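Subject: Structure handover and notes

Hello,

Here is the structure for you to look over. My notes come after it.

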Amino acid sequence: MRCAVLVMAESEKKELSDKDRKRGLKERKVGHIKMKVVGDLEANTIGGKVKQFASNESVADSDDSTSYVNLKDIVKEHHPQVIPKKEIGRVLPWVHIAISNAKEAVVGHPPRDKPRICKAI
């Protein structure tokens, strides 16, 4: 069974040294992650959930889906961008990690990195 899930990750940018980049550390530090099953991916549905759970002072980064066209009216700033499939983990890393961990948990596989799943979900 498939379902639509809205994933919102609170994060802040952090400075990385060249050494940290080489080690593969993320450029954003995650705070809270909220995942909500939604009935559909229509812009009004997504906008309603974002309005419910995000501050109007938030800055939202997203892919360029039409599901997010209303975000510019809900949050302080919205930065939609076309993201190639290979780049999703780099551009929206914590969303990608949360989705991957949730899929692993649902299908019954133990998480590869227990501390990360405990913080993300």
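**Ground rules.** This is a predicted model: local features need pLDDT of at least 70, side-chain atom pairs count only at pLDDT 80 or more, and totals for chains, interfaces and linings use all residues. Residues are numbered from 1 along each chain as its sequence is written, and side-chain values use heavy atoms, with hydrogens and water left out.

**Confidence.** pLDDT is the predictor's confidence in each residue, from 0 to 100. The chain has a mean pLDDT of 83, with 88% of its residues at 70 or more. Take care over residues 115-121, where pLDDT stays under 50. For that stretch the model has 11 contacts beyond four places in sequence. Contact means heavy atoms within 4.5 Å.

**Overall layout.** The chain has five helices and four strands. These are DSSP runs, numbered from the N terminus: helices are H or I with at least four residues, strands are E with at least two. From the N terminus on, the order is β-α-β-α-β-β-α-α-α. Of the 121 residues, 26% are buried. Buried means under 20% relative accessible area, exposed over 50%, and partly exposed in between (1.4 Å probe, protein chains only). Take the contacts between residues at least 6 apart in sequence: 41% of them join residues at least 24 apart.

**Helix α2.** This helix covers residues 43-53, and its buried residues are A43, I46, G47 and V50. They sit on the same side of α2, because they cover an arc of only 100 degrees around the axis. The arc is that of the directions from the helix axis to the C-beta atoms. What do these buried residues pack against? Strands β1 (4-13) and β2 (28-38). N44 and Q52 are exposed on the other side of α2.

**Helix α4.** Its buried residues are P93, W94, I97, A98, N101, A102 and E104. Seen down the axis, they fall within an arc of 160 degrees, so they line one face of α4. The face turned away from that buried side carries exposed K103 and V106. The length agrees too: 14 residues at 1.5 Å a residue should span 20 Å, and the end C-alpha atoms of α4 are 20 Å apart. The expected span is 1.5 Å times one less than the number of residues.

**H96.** This residue is in α4 (residues 93-106). H96 is partly exposed, at 35% relative accessibility. Beyond four places in sequence, H96 contacts I88 and G89. Its C-alpha atom lies 9.1 Å from that of V7, 89 residues away along the chain.

**S67.** Look in the loop between β3 (59-63) and β4 (77-81). Is S67 buried or exposed? Buried, because its relative accessible area is 9%. The S67 side chain reaches the backbone oxygen of L41 at 2.5 Å. Beyond four places in sequence, S67 contacts L41, E42, A43 and I46. A43 and I46 are among the buried residues of α2.

**S62.** This one is in strand β3. S62 counts as buried at 5% relative accessibility. Its side chain makes a polar contact with the side chain of H78 at 2.7 Å. A polar contact is a pair of N or O atoms within 3.5 Å; within protein, one must be able to donate a hydrogen and the other to accept it, and residues adjacent in sequence count only if both atoms are side-chain atoms. Beyond four places in sequence, the contacts of S62 include Y68, H79, P80 and L92.

Best wishes
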